[in-house]
Amino acid sequence: MADDPKSSREDNAHKTPQDKGEIHQGPDHSSPYPVERGAPAFNLVDTAQEIEKADQMVNTRVSGKLKVIADQIKALQAEAEEIMSSAQQDMELHKAQCNFQRQPGKIYHLYEKEDGTLYFSMLSEEDWNGNPPDTFRGSYRLEPDYSWTPADKIDEPDDTQALVNKLLESRGLD
């Protein structure tokens, strides 16, 4: 039975290269066993701890990257909501009655009649000496892209840089 080549092959199939008496031919750092007398012995517990440490580091890195993406998604959702709200307001303002040709760059004044009808006037609340014929709802500048900017926000700086600064601060990169 000991001379049976089949049983000899089966025994060798479960042996490591070291058990078979084979010598590692690659670089020392890739050896499956210690290659020097003073080298530390490989221990299953050490290997398991190293794998656990690597898993923790990968999880930490991936979690950090996913958090950045989640923060970006939240910021984009907020921006999308703001854009939709602004577009809805612009559409409502374009539906307001107007008895003159609107020109981009000009400021128009919105009033509301008692029946709820909105209309634009070239006359501001001050032009009526504080006593306009209908309820004053605000002043708006028509932009070249046909969006409307509230008059009280015309001189405000573009908030793009503020958003960039906020993102940098949240990452500790300010």
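User: Quick one to start: where does Gln72 lie?

Analyst: Gln72 is in helix 2. Keep in mind that this is a predicted model.

User: Noted. And how accessible is Gln72?

Analyst: Gln72 has a relative accessibility of 41%, so it counts as partly exposed.

User: How far is Gln72 from Leu167, in sequence and in space?

Analyst: In sequence, Gln72 and Leu167 are 95 residues apart. In space, their C-alpha atoms are 8.7 Å apart.

User: OK, zoom out for me. How many helices and strands does the protein chain have?

Analyst: The protein chain has 3 helices and 4 strands. Going along the sequence, the pattern reads α-α-β-β-β-β-α.

User: What share of the residues is buried?

Analyst: Of the 174 residues in the protein chain, 13% are buried. The accessible surface comes to about 14,200 Å², and carbon and sulfur atoms account for 52% of that.

User: And what about contacts between residues 24 or more positions apart?

Analyst: Those make up 36% of the contacts in the protein chain that have a separation of 6 or more.

User: Which residues make up the largest nonpolar core?

Analyst: There are 8 residues in that core: Leu93, Ala96, Tyr108, Leu110, Phe120, Tyr140, Leu142 and Trp148. Strand 1 (107–112) and strand 3 (135–142) each supply at least two residues of this core.

User: Is Tyr108 buried or exposed?

Analyst: Tyr108 is buried, with a relative accessible area of 4%. Phe120 counts as buried too, at 4% relative accessibility.

User: How are the rings of Phe120 and Trp148 arranged?

Analyst: Phe120 and Trp148 are stacked, 4.7 Å centre to centre with 15 degrees between the planes. Phe120 is in strand 2 while Trp148 is in strand 4 (residues 148–150), so the pair ties together parts 28 residues apart in sequence. Both Phe120 and Trp148 are buried.

User: Which residues do the ring pairs link into a cluster?

Analyst: The cluster has Phe100, Tyr108, Phe120 and Trp148 in it, linked by ring pairs.

User: Switching to charges. How many salt bridges turn up in the whole structure?

Analyst: A search of the whole structure finds 3. In one of these, the side chains of Arg137 and Glu112 meet at 2.6 Å, N to O. That pair links distant parts of the chain, with Arg137 in strand 3 and Glu112 in strand 1, 25 residues apart. Arg137 counts as partly exposed, at 44% relative accessibility.

User: What about Asp71 and Lys67?

Analyst: Their side chains also meet in a salt bridge, at 3.2 Å, N to O. Asp71 and Lys67 are 4 residues apart in helix 2, so about one helical turn separates them.

User: And which salt bridge does Glu143 make?

Analyst: Glu143 meets Arg141 in a salt bridge, side chain to side chain, at 2.8 Å, N to O. Glu143 is buried, with a relative accessible area of 14%, whereas Arg141 counts as partly exposed at 23% relative accessibility.

User: Why is Leu66 called exposed?

Analyst: Its relative accessible area is 52%, and exposed means over 50%.

Notes. Residues are numbered from 1 along each chain as its sequence is written. This is a predicted model: local features need pLDDT of at least 70, side-chain atom pairs count only at pLDDT 80 or more; totals for chains, interfaces and linings use all residues. Side-chain values use heavy atoms; hydrogens and water are left out. Buried means under 20% relative accessible area, exposed over 50%, partly exposed in between (1.4 Å probe, protein chains only). A nonpolar core is a set of buried Ala, Val, Leu, Ile, Met, Phe, Trp, Tyr and Cys residues joined through side-chain atoms within 4.5 Å. Contact means heavy atoms within 4.5 Å. Accessible areas come from the Shrake-Rupley method with a 1.4 Å probe; for residues, only the protein chains shown count as cover. Rings of Phe, Tyr and Trp (its six-membered ring) pair if their centres lie within 6.5 Å; planes under 30 degrees apart count as stacked, over 60 as edge-to-face and the rest as tilted. A salt bridge is a side-chain nitrogen of Lys or Arg within 4 Å of a carboxyl oxygen of Asp or Glu.
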